[in-house]
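I wanted to look up a few strands and some ring pairs, and I am jotting down what turned up.

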Amino acid sequence: MRKQLKYLAAAIACVLAGTAAAKADDAQVARATLDNGLRVVVVRDALAPVVTTEVNYLAGSDEVPAEFPGTAHAVEHMMFRGGPGLSKDQLAAIAANMGGAFNAQTTQGSTQYYFVTPAQDLDVALHVEALRMRGIDVSQAEWAKERGAIEQEVSRDLSSPDFKFYTQMLGQMFAGTPYAHSPLGTRDSFDQTSATMLKQFHDTWYAPNNAIMVIVGDVDPQATLAKVKMQFDDVPRKDLPARPAFHFTSVQAKTLRLPTDSPYGSVYLTYRLPGAQSKDYATALVMASALGSQRADLFGMGMEGKALFGGFEQEALPEAGIGLAVGVFPAGSDAQPVLQRMQAILAEAASKGIDPALVEAAKRKAIAELETKKNSVEGLAGAWSSALVEQGLDSPDAMKQAIESVTPKAVNALAKASFDPAHAITAILTPEKSGKPGEGKGFGGAESFASSPDKPVPLPAWAEQAFAKLEVPSTMLHPVAYTLPNGLKLIVQPESVSDTVEVMGSVRTNPDLQSLKGQDGVSEVLDGMFQFGSTSLDRMQFQQALDAISAQETAGASFSLGVPAEHFAEGIKLLADNELHPALPKQAFALMQHQQAGIWTGEVQSPEFLDELGLYKALLPASDPQLRHATPQSVMGLSYDNVKGYYTKVFRPDMTTLVIVGKVDPAQAKAVVEQAFGAWKADGPKPDVDYPAVPANKAVQLRTPDASSVQDSVRMAQVIDVNRDDPARYALNLGNEVLGGGFYASRLYRDLRDSSGLVYTIDSEFELDKHRGRYTVSFGADPNKVAGARALVLKDLKQMQSEPVADADLLRAKGILLRRVSLSESSFGSIANQLLTYAERGQPLDQGIVAAKHYLELTAPDVQQAYAKHVRLEDFVTAVKGPGLNERAGSAAP
């Protein structure tokens with residue numbers, strides 16, 4: 001009887017434990033389906049005072065007419081041009097004031113609109129999305145403006161040979177189905193698209209009963225559900241049309257050959273795989289991970305000298321997937337040996353199966369990656385949206401269960417069914433020269449556009465109230481910093497949102513200042529050699545040890561580790577073994593030397609490299625060390641002793657910083673790191689690894705031909721007399737948010753995209769080092785639009801110098817920078833990166849708060865004076881890479 005009572009007590013305890021767990025889950029996740037059909041999931045993630053909202057409409061390029069493949073994409077663009085109750089300018093100003101990410105993406109099966117913003121702005125984000133769900137304004141005049149921008153996006157993507165391959169592959173693999181075209185669209189179809197067509201698509205598919213909303217962040221789930229109901233309950237549901245059917249036919253083998261402007265060639269072997277909503281999707285996911293393992297033969301091609309790189313990737317659409325094997329070969333080499341090796345590897349996988357050990361390791365890795373999604377507010381929101389929208393599951397945990405049930409037998413059966421050469425689409429992208437760069441012919445202001453009026457945008461009361469008050473934000477970071485006896489800096493930020501730990505570290509080096517004359521390329525060869533394990537574990541043994549604890553690791557001058565918290569000590573031990581005792585075998589030196597020589601053979605002739613080199617030569621003195629670069633000759637002139645000597649010289653503990661973020665106790669972390677890294681010693685004085693100051697540059701115009709591009713890539717850059725410690729940087733950064741930040745409300749965006757449609761994106765940034773600084777404005781445009789775009793950039797900069805910015809613009813810019821403090825704490829990666837950066841620069845670890853205080857005190861005249869003093873309108877180096885005016889002027893992209 002006692003035994004029975006004991007078992008009963010245990011059973012009751014289990015039930016109570018299960019009930020407690022369920023209640024805990026209920027406290028973290030809330031779900032509801034509103035009366036109008038809107039499905040809502042709210043997930044609490046207390047990593048930072050940040051929230052991500054994702055509204056997923058279950059309509060994408062699948063639902064568009066075949067002759068208008070970009071309709072859903074165009075509607076996505078027009079959703080940012082306002083609607084009833086919220087004008088385009090108000091929407092732009094609100095999004096900018098929120099300071100985070102505000103964007104969208106169109107896929108085959110859905111269109112997603114997302115905010116990443118401080119949690120304090122959740123009500124504003126919900127209000128915006130509710131208004132946009134109700135309707136949009138699509139006038140022919142507004143569509144004409146946005147069409148110019150979206151066609152620049154098409155030109156940008158079609159300038160990528162890899163994207164051209166991707167679109168042709170879709171047409172072959174999914175012929176006769178909606179997947180036969182990408183969601184991007186074409187210039188021809190956009191030219192024939194009317195505003196009426198776009199309004200009809202929105203009114204047909206944008207309905208609450210055709211949407212799933214995911215909200216993740218530092219919020220109360222039940223209270224947030226109540227807010228959603230208040231905003232969305234009265235949005236009427238709609239009768240939805242029938243969706244298109246998918247009838248896949250057998251894929252016919254085909255080989256595509258394309259030129260590329262890349263410094264190396266690529267071979268792709270693609271096969272159709274199960275889709276994200278297939279019962280076999282988890283099997284396909286595990287199979288792809290096993291084939292892409294660093295212990296697998298495709299990756300081994302790069303480690304054996306049979307290719308520069310090899311791997312396997314998977315893309316899953318809801319109804320079907322794509323398996324893609326890739327092999328990379330040097331410019332001027334024959335692609336056939338790489339292709340034949342890839343074909344043999346996949347044929348063996350089909351006939352003999354995949355190593356069960358790789359399958360089990362892939363399962364552990366996939367499950368571990370699901371756990372690491374919790375390490376980012378945005379990443380966790382993406383995981384939930386993927387599960388609900390793309391995979392048709394109830395939660396990411398359902399995918400975890402599916403992965404756990406995958407067997408080696410199922411993986412082998414799928415490999416056998418998938419990797420049939422009769423159904424493979426092959427692509428070979430071969431590097432081709434585009435010609436030598438030369439001086440530009442000048443721009444001359446061929447087109448002139450008036451700047452948009454610099455006037456405040458009146459906001460709705462509910463938005464104006466949210467942004468009215470500015471204050472120094474609080475931080476949730478309380479890092480513990482140590483300096484070990486050998487000089488190594490250790491920073492630990494405990495976090496408990498997941499059972500994982502992420503490590504990011506760096507050895508401060510500068511090959512341009514530390515490598516000997518004639519040894520350019522030595523650092524790249526050394527970096528490649530870290531992949532060959534340690535003196536105690538060879539490459540395969542080392543990777544096997546990582547797989548055993550589901551860890552991801554990289555070593556070198558920049559190093560990282562991601563590991564389950566329970567295996568933290570083992571992971572650190574492996575990282576230290578690789579970093580401090582790299583194997584550096586002689587055969588690996590010969591292999592990496594030839595590999596790097598092959599890479600640089602193509603690199604020094606590629607348009608991107610020539611454009612970059614031309615820009616630097618125009619900005620810097622002829623003898624500046626930053627102009628150093630490797631060549632095939634310098635790499636082949638290296639010796640094994642050169643590489644080992646460079647490692648001994650530059651890898652020092654007193655130049656190293658290691659940041660740990662995750663579920664770990666600081667004191668325990670210090671003990672583990674000290675045991676693993678404490679014996680590491682440095683010899684001699686610390687080296688200086690910062691570039692020296694340089695004089696101001698003169699104006700130069702450069703053009704680099706790129707035969708594979710259909711759009712010009714433009715950079716306007718100049719050396720400025722401000723460094724990273726100069727107090728003037730605060731005013732310049734604040735002004736940059738007015739000019740180029742906040743995206744949708746910035747002057748450059750407004751003038752070059754919104755008002756004129758000259759560009760798709762435009763960026764401006766200050767890059768400030770210890771002794772030198774650079775200011776750059778970059779954009780992409782059709783060659784016949786570059787002059788007008790460049791003229792507008794100069795007009796906007798002149799306005800910054802001649803007039804104080806408006807109070808509303810200054811308030812918005814300050815709000816963006818202040819809110820960015822919280823946003824920078826919303827993922828383990830961003831936390832580690834900022835702490836690492838501050839530590840290496842010798843700045844306080846709360847530098848974000850320090851900067852916020854400076855921004856609050858700045859005035860409009862401060863910004864005006866900084867731009868007038870430090871930015872020289874007449875001294876921009878303008879570097880243009882693209883097809884040239886003759887090839888593209890007035891014509892439409894294919």
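I began with strand S10 (residues 264-274), where 9 of the 11 residues are buried, so S10 is largely enclosed by the rest of the structure. For the record, buried means under 20% relative accessible area, exposed over 50% and partly exposed in between, with a 1.4 Å probe and protein chains only. Strands here are DSSP runs of E with at least two residues, helices are runs of H or I with at least four, and both are numbered from the N terminus.

A note on provenance: this is a predicted model, in which local features need pLDDT of at least 70, side-chain atom pairs count only at pLDDT 80 or more, and totals for chains, interfaces and linings use all residues. Residues are numbered from 1 along each chain as its sequence is written, and side-chain values use heavy atoms, with hydrogens and water left out.

Next I asked which strands pair with S10. I found S12 (residues 320-330), antiparallel over 11 bridges, and S13 (residues 425-431), antiparallel over 5 bridges; two strands pair if DSSP finds at least two bridges between them. I checked Leu269 on both sides: its bridge partner is Ala325 in S12 and Thr426 in S13. For Thr270, the partner in S13 is Ile425.

Zooming out, I read an open sheet of 5 strands in the order S9-S13-S10-S12-S11, with mixed pairing. Its edge strands are S9 (254-260) and S11 (309-316), each pairing on one side only. The twist averages 20 degrees from one strand to the next; axes are lines fitted to C-alpha atoms, for helices over the stretch in contact (heavy atoms within 4.5 Å). Angles run from 0 to 180 degrees between N-to-C directions. I also noted helix H6 (residues 161-173), which lies across S9, S10, S11, S12 and S13 and runs at about 165 degrees to S9.

Then came the rings. I logged 27 aromatic pairs, counting Phe, Tyr and Trp (its six-membered ring) with centres within 6.5 Å; planes under 30 degrees apart are stacked, over 60 edge-to-face and the rest tilted. Phe174 and Tyr179 have ring centres 5.5 Å apart and planes at 85 degrees, so this pair is edge-to-face. Both Phe174 and Tyr179 are buried.

Phe589 and Tyr640 are also edge-to-face, at 6.0 Å and 65 degrees. This pair links distant parts of the chain, with Phe589 in helix H22 (residues 586-603) and Tyr640 in helix H25 (residues 640-650), 51 residues apart.
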